[in-house]
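Dear colleague,

Here is the structure I said I would pass on. My notes on it follow below.

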Amino acid sequence: MKRTSATIKALTLLLLVSFHSLSKAETIQIASGEYPPWTSQSLPGGGYINRLVSEAFKLHNIDVKFDYLPWKRALEATRIGNYHATSFWGESEERRQDFLHSQTIENIYFVFFYTKKRFNGPFKWQSLDELGRLKIGATRSYTYNDEFWRLYKQDRLRVSISNTDIDNLRKLISGTIDLFPISDVV
């Protein structure tokens, strides 16, 4: 594992720009996904982040109901107005077009998982730009950072996108990918 040089600022909520309906609501619906220990329907309070979200709204006498969906579906369902907000996203240029972001409450650090067998020892790197020869696993709808996705769109990073972290770890073990960035806590 190696900590990436970039950190992802974990934002509590992405709020729809057309947020005026919230002022009339006593209960709001928030779309989220599974990313324990931060968000999970199987954890007390819905995980660390979603518990903070609930407590913040409770201070204003607003109850929160979370629906746990695949990440991409949570984002799109919120974007079209099925939810008041969606919880636990890193800020990105793309999402800034449609959503208001809360202040950062947690920094998430990503590390690259790799097999020693593939690299015959420690994996060393300085910038994402020098990883173009390697196949990198990514999980659908995760933020990583704007530079990562920009290099991918410019064909300067070879990225294989999977639906789950588990799928990417399986690809790593099988040798289908060389690296997989994942939170150092997850």
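Asp67 and Lys65 are joined by a salt bridge between their side chains, with N and O 2.5 Å apart. The model is a predicted one. Asp67 counts as buried because its relative accessibility is 19%, where the cut-off for buried is under 20%. Lys65, with a relative accessible area of 40%, is partly exposed.

Other salt bridges

The count of salt bridges comes to nine. Side chains of opposite charge can pair when their charged atoms come close. One of the pairs is Glu91 with Arg96, whose closest N and O atoms are 3.3 Å apart. Glu91 is partly exposed at 37% relative accessibility, and Arg96 is partly exposed at 39%.

Asp178 and Arg118 also meet through their side chains, at 2.7 Å from N to O. Asp178 is buried, at 11% relative accessibility, whereas Arg118 is partly exposed, at 38%.

There is also a network of salt bridges, which links Glu76, Arg79 and Asp98.

Helix α6

Which residues of α6 are buried? They are Asp165, Asn168, Lys171 and Leu172. These four lie on the same side of α6, because the arc they cover around the axis is only 120 degrees. An α-helix has 3.6 residues a turn, so residues three or four places apart point the same way. The buried residues of α6 pack against β6, β7 (135–139), β8 (158–162) and β9. Arg170, Ile173 and Ser174 are on the other side of α6 and are exposed. Just after the helix comes Gly175, with a positive phi of about 90 degrees.

Strand β6, one of the partners of α6, spans residues 104–113 and includes Ile105. Together with Tyr48 and Leu52, Ile105 makes a nonpolar surface patch of about 260 Å². Ile105 has a relative accessibility of 37% and therefore counts as partly exposed.

Tyr48 has a further entry in my notes. From C-alpha to C-alpha, Tyr48 is 8.4 Å from Pro36 in space, and the two are 12 residues apart in sequence. Pro36 is in the loop between β2 (27–32) and α1 (48–58). At 40% relative accessibility, Pro36 is partly exposed.

Confidence

The protein has a mean pLDDT of 85, with 86% of its residues at 70 or more. Residues 1–12 have a pLDDT below 50, and in the model this stretch makes 59 contacts beyond near neighbours in sequence. The pLDDT is also below 50 over residues 16–20, a stretch with 11 contacts beyond near neighbours in sequence. Where pLDDT is low, the predicted coordinates should not be read in detail.

Regards

Definitions and conventions: Residues numbered from 1 in each chain as written. Predicted model: local features only at pLDDT ≥ 70, side-chain atom pairs only at ≥ 80, totals over all residues. Heavy atoms only, no water. Patch = residues over 30% accessible without salt bridge, like charges linked within 9 Å, V, L, I, M, F, W, Y side chains within 5 Å. Areas by Shrake-Rupley, 256 points an atom, 1.4 Å probe, with all protein chains shown as cover. Salt bridge = Lys/Arg side-chain N within 4 Å of Asp/Glu carboxyl O. Helix = DSSP H or I, 4+ residues; strand = E, 2+ residues; numbered from the N terminus. Buried < 20%, exposed > 50% of the residue type's maximum accessible area, 1.4 Å probe, protein only. pLDDT = per-residue confidence, 0-100. Contact = heavy atoms within 4.5 Å. Arc of directions from axis to C-beta.
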